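Here is a short briefing to read alongside the model. Let's walk through its charged pairs and then a patch on its surface.

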Amino acid sequence: MSILGVSSTKIEGVFTGLIEEVGRVLWIRMSDRGTQLQLTAPKLAPQTAVGDSIAVNGCCLTVSTHRDEQITFDVLEETLERTNLKQLRRDGPVNLERALTAGAPMGGHFVQGHIDCSARVISFERTKEDYRLELDLPADFAHYAAYKGSVAINGISLTIAELLGKSFAVWIIPHTKRHTNIDKIAAGDLVNIEFDILAKYVERMLARDTP
C-alpha cells in the first residue's frame with residue numbers, strides 16, 4: 001500500500017481489506033505464554049515494530065517479537081476458536097495487512113480485524129476471466145449480509161454479489177486471486193468472515209430504540 005501525506009501515525013486496529021503481502025506460516029504452538037504464531041513476511045517484517053497491529057487472514061493480531069523476515073504473535077484461545085487460524089499449518093499462506101496509517105488512501109472499506117465467524121467454502125469456480133466464490137452463511141450472522149454490501153473474507157475487502165438463503169457469493173478478479181491466499185482455496189476450506197461494521201451499528205441503534 002502506498003502512503004500519502006506526511007504523517008506515519010497508525011490508526012490501531014483499523015484496516016482497509018487491501019492485502020499487502022501473502023506471508024508463510026513457520027509454526028503455531030503452545031508455549032509458557034500461551035499460543036504463539038510465527039510467520040515469515042519478507043516485505044512487511046522489516047517495516048514492523050513490536051506492538052504493531054497486523055491483520056492475519058483478517059484477524060487483528062499484535063506483534064510480540066520480530067527479527068529479520070520473521071514476525072511472531074500471541075494468539076488468544078477465543079481467537080483460535082472463532083477463526084481459521086487454528087487450522088494453519090507450516091508453509092501455509094496467510095493474508096497480511098498493516099493497520100491503516102494516517103494519510104494512506106482508503107481503497108477498500110473499514111475493516112476492524114474482529115472476525116465475526118468462519119464459514120465453509122461451498123464452491124470456487126472460474127467463469128470466463130473472473131471467479132465466483134460461494135460460502136456458507138451462518139444463520140446467526142445472516143442479517144449482517146446485504147446485497148452489494150461490503151464483507152471481508154480472509155481480510156480481503158469484497159462485495160456481496162448474491163444472497164442465496166443459506167449462502168452468499170462474491171466475485172473475485174484475477175489480480176485478487178493471484179495476490180492473496182484465495183489462490184489456494186478449495187471447496188470445504190474454512191475462511192474468516194467480518195461483516196460490515198455499519199450493519200452492526202444499525203443493529204445496535206435499533207435494539208436501543210425498541211421497547
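**Salt bridges and a surface patch**

Glu-162 counts as partly exposed, with a relative accessibility of 23%. Please keep in mind that this is a predicted model. Across the whole structure, a search finds 7 salt bridges, and a few of them are described below.

**A pair between strands**
- Glu-162 meets Arg-132 in a salt bridge, with an N to O distance of 3.0 Å.
- This pair links distant parts of the chain, 30 residues apart: Arg-132 sits in strand S8 (residues 130-136) and Glu-162 in strand S10 (residues 156-163).
- Arg-132 counts as buried because its relative accessibility is 16%, under the 20% cut-off.
- Glu-134 joins Arg-132 and Glu-162 in a network of salt bridges.

**A pair within a helix**
- Glu-78 and Arg-82 form a salt bridge, their closest N and O atoms lying 2.9 Å apart.
- Both residues belong to helix H1 (residues 77-82) and are 4 residues apart, about one turn of the helix.
- Glu-78 is partly exposed at 45% relative accessible area, and Arg-82 is partly exposed at 35%.

**An exposed pair**
- The side chains of Arg-126 and Glu-129 meet in a salt bridge at 3.6 Å, N to O.
- Glu-129 counts as exposed at 55% relative accessibility, and Arg-126 counts as exposed at 51%.

**A nonpolar patch**
- Tyr-201, Val-202, Met-205 and Leu-206 make a nonpolar surface patch of about 410 Å².
- Leu-206 lies in helix H3 (residues 197-209) and counts as exposed, with 55% relative accessibility.

Terms used: Residues are numbered from 1 along each chain as its sequence is written. This is a predicted model: local features need pLDDT of at least 70, side-chain atom pairs count only at pLDDT 80 or more; totals for chains, interfaces and linings use all residues. Side-chain values use heavy atoms; hydrogens and water are left out. Patches are made of residues with over 30% relative accessible area and no salt bridge: like charges are joined within 9 Å, nonpolar side chains (Val, Leu, Ile, Met, Phe, Trp, Tyr) within 5 Å. Accessible areas come from the Shrake-Rupley method with a 1.4 Å probe; for residues, only the protein chains shown count as cover. A salt bridge is a side-chain nitrogen of Lys or Arg within 4 Å of a carboxyl oxygen of Asp or Glu. Helices (H or I, at least four residues) and strands (E, at least two) are DSSP runs, numbered from the N terminus. Buried means under 20% relative accessible area, exposed over 50%, partly exposed in between (1.4 Å probe, protein chains only).
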